[in-house]
Amino acid sequence: MDQLFALAVTVPLAVAAAISALRPLFDQRRWLLDLAAIVTAASVVVMLAMIMARVTGGDQVYWFAGFRPARGIAIGIDFEAGSLSAGLATLGAVLVTAAMTFSWRYFERVATYYHALMLIFLAGMTGFCLTGDIFDLFVWFELMGVAAYALTAYRPEERGPLQGALNFAITNSIGAYLSLSGIALVYGGSGALNMAQIGAWTTRHPGSRLVVVAFLLILAGLLVKAAIVPFHFWLADAHAVAPTPVCVLFSGVMVELGLYGIARVYWSMFSGALGHQYGLSRLLLVLGVVTAVVGAAYSFRERHLKRLLAFSTISHSGIFLAAIGVLNPLGLTGAAVYVAGHALVKAALFLCTGIVLHRLGTVDEVRLHGRGRRLRVTGLVYVVAGLGLADLPPVATFLAEGWTDAAMPGWAVVILLGCAVLTGGTVLRAGLGVFYGVGDPPTRQAPRQAQETAEETGETDTGRQITPLTMIIPAAALTCAAIAVGCLGFTGLGPAVEAAAVRFQDQGTYIATVLHSARISHPVAPFPASPADVTAVSVATGLAVAAGSATIALLTLYRRRLPLRIRPWPRAVAILEGFQSGVINDYVAWLVLGMACLGGLIALIVR
Amino acid sequence: MQIFPFIVVVWIVGIGLYGMVTSRHLVHQIICLIVVQSSTYVLLLGVGYVTGGAAPYFFDIPLHTRAVDPVVQALALTDVVVEAAVTALLLSFAIQAHKRFGTLDPQELASLRG
Amino acid sequence: MMATATAFAPATGLMDALQVTLLLLVAAGATAVVLVRERVTQVLVLSAYGLLLALLFLAFQAPDVTLSELTVGSVLLPAVILLTLAKVRKREE
Amino acid sequence: MTPPVRRWVFLVGAAGLAAFYLFGLSGLPGFGHYPGPYGFILNRVAVPQTNATGVVSAVNFEYRGFDTVGEEFILFAAVAGMAVVLRHLRGEHEGRQPLDEASDRDLPPTSDAARMVALLFTGPIVLIGWWLVSHAQASPSGGFQGGVVIATGFVLLYLSGEFRVFHRLGPADVAAAVEAVGAGGFVGTGLAAVAMNLPYLKNFLPLGTVPGAVSSSGTIALISFFVGLEVAAAFILVVGELLKQTLLVRGKKR
């Protein structure tokens, strides 16, 4: 019995309650509040890392209140940790620690509730990763959501935040209600809430209409959270307005948790009933590719630094979904490492953007052109992280890139590499332009967008002369961590993650572990697993993507010197703008239409 | 009677979503969200119902009486209370939006966003 | 087993009729909540809808949920919404 | 999208989704034929195992108590979020006070009869709520229902126009602290079990001898108490925040 499982979730909750109860104590001592929050988050990192170390030899289960299952029937709630779930939770805790450190000096005044909400968000993430009960999953999902809505609206003096928070909250709530309906549906059939027990039940009812519909409904909330097209609209609105440390969590792990949820739900509850079907895999793959393309296209035409990064997150979310969607161990291995590498560099990019806002008072790429020259360290970190986003070896993303490429069909690889080049190029364009003044100086302002970005100034007072160490160190540390993980790839990271992926995908082992306390250390891969090594091809691809990104960045920065002028087709631009309208009614309509299309396709494919 | 309650569930979801799509007022939209949400309670309690079953309290009835499912009731019970607070959070967003822009029409709010 | 069950629950036929009536009322109530666009009236309709839901839950043998829904759905939530409307109306005029 | 286009997109989607949803629902065992086993097993074992005769409370506070921890904090986060969102309206921009916050705005007068009725009802309602909170294990009651009933009593006090009475009885700071104590107490009860090297939330108090009595079923009563505190305080805070927005007593010299 391992109490760490319970403590990793309940300690941050207890601290959140304690600092709220003792609020007057912290009125004059904000450092105490920051310290308490950072120490708590860091201790959660340690606890989760210990859990991760313990589960390398096989998953472990913790039964709350000691209600162990009897004869294959669970009456309590369990936590089930494997390497992948514990690893993702650890990643989330690391990012929370970094974000809390960053916000120490970032916010001038900050209410106790900010810290409490961040800790609650942390607990929600951890619970979501570790739980083995489908309703419990929903509870932590909701908890994470509510904390996130509140954090998005944290600076209500801007005009933006409420719009973003409202769109975020309403779309996510609808997704959550659909998920809950799916849970009710599967409960009505199986009479179980434990995911292993449901898995055992669905395996006995393969292809039942109840199972198919419940699967998609449960996915609804997760797809919304993962910002998969056409459920992605909320993400850019929320990112544009949420405070930077919060953006770090949204892009770094919250979106990825949605994808983790999809993988978890599929492999623990439905893989036996729905099978490793070619059609289902193709559906997820196409969905991922479309998302990647849409995200990359929107990212490219954006000049608001935070929205730009937000759209690149959508693009990467699509890549992850495609990698998970191939439904084999190598794809999942690639997705897992990709998520880690992406989270680290994306968080660093957001933190650098926060520093730019802190020092220069705006996040408009054009207005900032060349103004970031003084921020030498920040600029360096930004560009290195940007290259990391473009899969430059030895940043961890290149490893993942190689593995996902090996796992996917050729056409998807080509398109996804194109998306990686485009988003990488966009981020590098911004970095080179802002921090090094590369490219032609801007000429005229589009007044509307200029006004929008100018309103971002409220987070901190403008025109500061130095960057506090607590702001730059987390950014630099995260980038270094991404490189370190990449270097691990040369010393056997691949096979270890792949073993974890095989275990994650083995439903039989999962059920036996949870319901019958079996310890199976060597599960069998449902597909013959190709070895996850660092190959010359993956290094070359990584270098090529990075080079391509740099080329795109330079081409767009010097576009006015090009012999031929590339003009966007105005009508296409208008259509693109029309989709991202900011009107919540539109988002709801797309969500419903998207669910209907997916439902029709899944019903056709699976039955 | 076999599927009728579930048809009602689908109707409630549909009408609630319809209200959200056509609404021109944020508070009305949030009320429609409450309607969508209420469908989950009807569904939960509907799937756990047992024809002729008693309520799951064994204070004054013998232990082996046939009773309806207590689990869905527990889930719905907490959800009713908790989601009310979440709704209040959404309403406070609406109040703030109104404060800042003087309107609660989603269309106008979006165009104001810039 | 069945004999004891019927002793403690109303006759099945009667229960069925009650449930069907309440389900129909709930469906109609939901429709009314959505379609009534006059703000304050809508809140009153919402309150009535909460009451109907509470009755339906009672017919589903869930007195616990009834109690929650009764206080939350037909008193607290409408009160909260009315307060919100009172706040935002002041400047609409 | 223009509203008509949007409506068509929605109607097409909704028709598809409804068909799909119904397709799935038709695969259920049918209304009234819940197959079990989860609920049936709990109905059988809950009373002997926990000494609580209300199985729903046993599920909420014992078998699935960990869910309830999460739900509690959803409530907590929502109320904290409200305080965060509305705080700027209250204090911080003294310079540009919006029109509707002018300090001469006063409470609408309440008729004496209405006030009497409300005041008469408040006491009993709070008492009923308290009874519900403390009888989680027996009948259809428990912290959630009791908490909202207590909050309703306070809301009546509000509506009676006795805003200042309300403030004396439930000042926002105290309510916020009580709320945090309620949430923390629940988590803490679970942690106490961990400190005794039992699984989290394991019932560590004696179960009593009479099923359904107030002193029976160990931690269920304790947790219900904390949940009641949290829920009541949370809703008092919610209503209080909104009322402050509407009536703005802030401008008046107290």
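**View 1. Helix 9 and helix 12 of chain A cross in a right-handed sense.** A crossing counts as right-handed if the near helix is turned clockwise from the far one by less than a right angle, and as left-handed if anticlockwise. This is a predicted model: local features need pLDDT of at least 70, side-chain atom pairs count only at pLDDT 80 or more, and totals for chains, interfaces and linings use all residues. Residues are numbered from 1 along each chain as its sequence is written, while chains are lettered from A and ligands numbered from 1 in the order in which they are written.

The axes of helix 9 (residues 233–241) and helix 12 (residues 305–325) of chain A come within 8 Å and cross at roughly 145 degrees. Axes are lines fitted to C-alpha atoms, for helices over the stretch in contact; angles run from 0 to 180 degrees between N-to-C directions. Helices are DSSP runs (H or I, at least four residues), numbered from the N terminus.

**View 2. Helix 10 (residues 244–274) of chain A bends by about 50 degrees at A:Trp267.** The bend is the angle between axes fitted to the seven residues ending there and the seven starting there. Of its 31 residues, 31 are buried, so helix 10 of chain A is largely enclosed by the rest of the structure. Buried means that 20 or more other C-beta atoms, placed from the backbone, lie within 10 Å of a residue's own. A:Gly275 follows helix 10 of chain A, with a positive phi near 75 degrees.

**View 3. Chain A meets chain B through 33 residues of chain A and 28 of chain B.** Contact means C-beta atoms, placed from the backbone, within 7 Å. Helix 6 of chain A gives the most to its side, with 15 residues.

Technical notes. Contact = placed C-beta atoms within 7 Å. Helix = DSSP H or I, 4+ residues; strand = E, 2+ residues; numbered from the N terminus. Buried ≥ 20, exposed ≤ 12 C-beta atoms within 10 Å, placed from the backbone.
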